[in-house]
Amino acid sequence: MKVKVIDSLMGTGKTTAAINHINHTDEDTRILYITPYLTEVRRIIESCPDKRFKQPETYGSKINGIKHLFDNKCNIVSTHALFSRFDDEIIDMAYANNYILIMDEVADVIEPYEIKEADLNTLLEKYVTIQDNGIMKWIDNKYNGDKFIDEKHYCDMECLAIFGGSAMLFLFPIKTFRAFREIYILTYMFNAQTQKYYYDYYGIEYEHMYIAGDNIDNYRFTDMPVHYDLPDFSELISINDSRKLNMIGDSETALSKNWYNRNRNNKLIKQLKNATSNYFKNYTKTKSEENLWTTFKDCQHALSGKGYTKGFLSSNTRATNEFRNRTAVAYLINKYFNPNVSLFFESHGVKVDEDAYALSEMLQFIWRSAIRDGKEIQLYIPSRRMRELLIMWISDTNKQEKKSEKE
């Protein structure tokens with residue numbers, strides 16, 4: 001398995017280069033293209049007419065639909081959601097039929113697995129053993145019950161792990177990735193992302209690639225480093241520095257998930273809502289259709305306000321262009337790794353960079369806005385930590401640009 005990471009700033013032509021790459025593959029190469037959104041599914045189908053891409057139809061279920069396409073050796077375009085449900089039968093067909101995988105953005109490859117303490121204890125006592133890498137292995141071959149049918153299936157797929165004796169994690173089955181002879185991942189700041197740590201955990205090697213070409217017709221992948229002509233982001237991004245609006249985020253962990261949980265029943269959430277309303281109403285003075293904002297999903301309702309409610313977008317949204325007209329942005333999150341996930345990785349020798357991860361997540365969200373078209377935006381980031389990470393990234397990016405110009 002060869003993993004090639006096309007790591008380039010949003011809007012620099014990764015998807016276009018992928019389309020050009022697809023259109024130049026030979027007839028014997030079959031492609032599975034995975035993208036977060038249905039709009040991108042249509043783009044791939046329309047941009048690669050000779051490849052006759054198919055998206056899964058429902059043959060009893062979407063999974064049966066994609067099995068039908070694999071069985072008929074079709075070029076396939078689908079979403080991350082369906083990719084996460086692949087089973088051993090699909091994996092066998094991908095192995096056998098010479099497929100390569102192109103992923104537009106990284107996958108959600110690890111997350112906490114919710115289980116009651118009593119059920120976990122039962123699993124550990126009767127049905128599973130823990131391997132050296134933390135993965136749970138099902139050992140009761142005679143089990144035919146219903147209670148742990150999902151856990152048995154996940155153990156057979158080698159995707160349940162345990163950390164600290166009590167925290168269960170679901171890992172995307174690594175055998176799914178191993179089913180493809182080549183994998184291309186289109187993203188930015190891969191070294192800060194969960195999928196990178198996941199590959200390190202499994203000892204999967206990867207190489208970085210770049211985008212070459214001077215117009216959309218000849219954008220292509222290359223293994224030679226490329227200099228991208230980037231604008232001065234300090235001129236495009238106006239970060240709100242109002243002490244009144246930002247003081248709620250002064251502490252290091254303010255606006256983190258735990259902060260929201262702690263302050264759900266006091267006046268701080270109302271204070272943040274008022275600051276956000278004030279920002280859009282009196283600072284940016286933008287229309288509702290020009291506003292974009294995010295917070296943790298379960299806090300969305302509490303922070304919604306007149307003039308910006310409909311501009312909400314989930315903070316982990318990637319690879320969509322539907323909000324590229326938004327010029328006023330509020331990022332009401334202080335992003336951290338799930339502690340059980342980061343501790344799990346680090347217990348297996350994989351170092352996690354919390355700040356780089358937070359920055360990469362924030363940049364992905366900001367680049368859903370008008371800045372992806374080189375237009376100016378106004379930005380409200382009340383978390384001091386997140387604001388300083390962005391300011392430092394802008395400064396470092398501009399320094400690198402000036403250094404490249406001199407060379």
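Me: Which backbone oxygen lies 2.7 Å from a polar atom of the Thr-397 side chain?
Reply: In this predicted model, that oxygen belongs to Trp-393.

Me: Where is Thr-397 found?
Reply: Thr-397 is part of helix 17, which covers residues 384–406.

Me: Is Thr-397 buried or exposed, and why?
Reply: Thr-397 counts as buried because its relative accessibility is 9%, and the cut-off for buried is under 20%.

Me: Which residues does Thr-397 touch, leaving out those up to four places away in sequence?
Reply: With those left out, Thr-397 is in contact with Leu-230 and Phe-233.

Me: Turning to helix 1, how many of its ten residues are buried?
Reply: Eight of the ten are buried, so by the under 20% cut-off helix 1 (residues 14–23) is mostly covered.

Me: Which ones are buried in helix 1?
Reply: They are Lys-14, Thr-15, Thr-16, Ala-17, Ala-18, Ile-19, Asn-20 and Ile-22.

Me: Now the sheet of three strands: what is the strand order?
Reply: The order is 5-9-8 in an open sheet, and the pairing is antiparallel. Strand 5 (110–112) and strand 8 (160–163) are the edge strands, each pairing on one side only.

Me: How are neighbouring strands of this sheet turned against each other?
Reply: On average they are turned by 30°, with direction ignored.

Me: How many bridges join strand 8 to strand 9?
Reply: Four bridges join them, and strand 9 spans residues 167–171.

Me: Which residue in strand 9 does Ile-162 stand opposite?
Reply: Ile-162 faces Met-168 there.

Methods
Residues are numbered from 1 along each chain as its sequence is written. This is a predicted model: local features need pLDDT of at least 70, side-chain atom pairs count only at pLDDT 80 or more; totals for chains, interfaces and linings use all residues. Side-chain values use heavy atoms; hydrogens and water are left out. Two strands pair if DSSP finds at least two bridges between them. Helices (H or I, at least four residues) and strands (E, at least two) are DSSP runs, numbered from the N terminus. Axes are lines fitted to C-alpha atoms, for helices over the stretch in contact, and angles run from 0 to 180 degrees between N-to-C directions. Buried means under 20% relative accessible area, exposed over 50%, partly exposed in between (1.4 Å probe, protein chains only). A polar contact is a pair of N or O atoms within 3.5 Å; within protein, one must be able to donate a hydrogen and the other to accept it, and residues adjacent in sequence count only if both atoms are side-chain atoms. Contact means heavy atoms within 4.5 Å.
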